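Thanks for asking me to look this one over. Here are my notes, in the order in which I would read them with the model open.

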Amino acid sequence: MKWEPETWKEFLGKKQNRLILLAVCGILFLLFSWPESGTSTKNSEEETESATAASSVDIYTEALETRLEKILSSMEGVGEVSVMITLESSSEQILQVDEEEEEAVSAEADADSSRSESSSRRSSSTFTDGDDSPYVVKEVMPTIEGVVVTAEGASSATVCREIMEAVQALFDVEAHKIKVLKRES
């Protein structure tokens with residue numbers, strides 16, 4: 001039997017055949033969307049940690065952008081503003097670590113010669129809280145790499161200079177890493 005367009009129309013024309021085809025498609029969908037039974041918990045934990053780190057950096061960036069937009073739009077002659085901030089890297093977490101260092105020195109001397117020997121040993125352990133995650137002392141947020149500002153009043157050289165000076169004062173970013181553009185009306 002050839003499956004030509006007319007044959008398909010006859011096949012799908014029967015209600016029973018449509019239901020069977022729909023059921024087969026549903027079963028295939030379930031099989032393909034079923035999670036693998038052998039997934040590693042470690043991989044999912046690493047993905048969660050990286051997603052958390054990424055989201056904290058994203059939240060940090062969005063907060064900086066919002067605050068900068070608010071400040072710049074309140075300046076005279078600037079008008080409506082949009083800001084984009086790029087960061088140099090991700091955040092760094094400083095963990096609570098207990099470090100021990102032992103040093104031993106021994107010296108021997110006899111009539112003909114003298115010897116001294118020294119040895120040192122270092123060990124460290126990381127503090128954890130109740131759920132075995134490391135205790136974070138502080139989190140160092142990344143430095144700002146560049147800033148782009150679009151402003152309605154950017155056609156004025158004075159306004160552009162004031163925007164650049166404000167961004168430099170707030171974020172300690174070099175002038176060549178700040179771009180001020182005229183915003184479309």
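The points below go from the overall fold to individual residues.

1. **Basis of these notes.** This is a predicted model, in which local features need pLDDT of at least 70 and side-chain atom pairs count only at pLDDT 80 or more, while totals for chains, interfaces and linings use all residues. Residues are numbered from 1 along each chain as its sequence is written, and side-chain values use heavy atoms, with hydrogens and water left out.

2. **Overall fold.** The protein has four helices and seven strands; these are DSSP runs numbered from the N terminus, with helices being H or I of at least four residues and strands E of at least two. Read from the N terminus, the order is α-α-α-β-β-β-β-β-β-α-β. Among contacts (heavy atoms within 4.5 Å) with a separation of 6 or more, 67% are between residues 24 or more positions apart.

3. **Surface and burial.** The accessible surface comes to about 14,600 Å², and carbon and sulfur atoms account for 52% of it. Areas come from the Shrake-Rupley method with a 1.4 Å probe; for residues, only the protein chains shown count as cover. Of the 185 residues, 17% count as buried. Here buried means under 20% relative accessible area, exposed over 50%, and partly exposed in between (1.4 Å probe, protein chains only).

4. **Salt bridges.** How many salt bridges are there by the rule used here? The count is four, where a salt bridge is a side-chain nitrogen of Lys or Arg within 4 Å of a carboxyl oxygen of Asp or Glu. As background, side chains of opposite charge can pair when their charged atoms come close. One of the bridges joins Arg 115 and Glu 108, at 3.3 Å from N to O; Arg 115 is exposed, at 55% relative accessibility.

5. Arg 161 and Glu 165 form a salt bridge with an N to O distance of 3.8 Å. Both residues lie in helix H4 (residues 157-171), four residues apart, or about one turn of the helix. Arg 161 is partly exposed at 43% relative accessible area, and Glu 165 is partly exposed at 42%.

6. **A bridge across the sequence.** Please look at Glu 80 and Arg 183, whose side chains meet in a salt bridge of 3.0 Å, N to O. This pair links distant parts of the chain, 103 residues apart: Glu 80 is in the loop between helix H3 (41-73) and strand S1 (81-87), and Arg 183 is in the segment after strand S7 (178-182). Glu 80 counts as partly exposed because its relative accessibility is 43%. Leaving aside neighbours within four places in sequence, Arg 183 is in contact with Glu 80, Val 81, Ser 82, Thr 150, Ala 151 and Glu 152.

7. **Ser 82 beside that bridge's arginine.** Ser 82, in strand S1, has a side chain that makes a polar contact of 2.5 Å with the side chain of Arg 183. A polar contact is a pair of N or O atoms within 3.5 Å; within protein, one must be able to donate a hydrogen and the other to accept it, and residues adjacent in sequence count only if both atoms are side-chain atoms. Not counting residues up to four places away, Ser 82 also touches residues including Glu 69, Val 148, Val 149 and Thr 150. Ser 82 is partly exposed, at 29% relative accessibility.

8. **Thr 61 in helix H3.** Is Thr 61 buried or exposed? Thr 61 is buried, with a relative accessible area of 12%, and its place is in helix H3. Its side chain reaches the backbone oxygen of Val 57 at 2.8 Å. Beyond its neighbours within four places in sequence, Thr 61 contacts Ile 85 and Leu 87.

9. **Asp 172.** One backbone angle to check: Asp 172 is not a glycine, yet has a positive phi of about 55 degrees. Asp 172 lies in the loop between H4 and S7 and is exposed at 73% relative accessibility.
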